Amino acid sequence: MTQDSVRQSAESMAAGTRRPEGAMAMCPMAKMCAGMTQKRFPSVLTMLPGILLIVLGVLIVIEPGILVWLVAAASVLLGIMLLMMASFIRKIGAQLRM
């Protein structure tokens, strides 16, 4: 089956074009993916969220009052986000009704 598809694609190609090499050459995002995988990402940045969560957990065990502040901050930020989303949806609705 793959031989038939290779033969068909070879027949349909123009005379002046050449075939892409490998499967990744056919993928439209291959260049971006290759660039992301070839760059060395600092390992400290990948470990940072885990370290921060462990420190936060220890702080909550030592001083449980921190948990109250975190929940309050999350609630305020979520409320602001919901108000902004409602405003955005209302503006989009007004534009669609025009």
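Helices (H or I, at least four residues) and strands (E, at least two) are DSSP runs, numbered from the N terminus. This is a predicted model, where local features need pLDDT of at least 70, side-chain atom pairs count only at pLDDT 80 or more, and totals for chains, interfaces and linings use all residues. Residues are numbered from 1 along each chain as its sequence is written, and side-chain values use heavy atoms, leaving out hydrogens and water.

View 1. The average pLDDT (the predictor's confidence in each residue, from 0 to 100) is 78, and 69% of the residues score at least 70. Among the elements, helix α1 (residues 2-12) has the lowest mean, 53, while α4 has the highest, 93.

**View 2. Helix α3 covers residues 43-62.** Its 20 residues reach 29 Å from first C-alpha to last, close to the expected 28 Å (1.5 Å times one less than the number of residues). Where does α3 bend? Look at Pro49, where the bend is about 30°; this is the angle between axes fitted to the seven residues ending there and the seven starting there.

**View 3. Leu96 sits in helix α4 (residues 65-97).** Is Leu96 buried or exposed? Leu96 is exposed, because its relative accessible area is 70% (buried means under 20%, exposed over 50%, partly exposed in between, with a 1.4 Å probe and protein chains only). Across the 98 residues of the chain, 2% count as buried.
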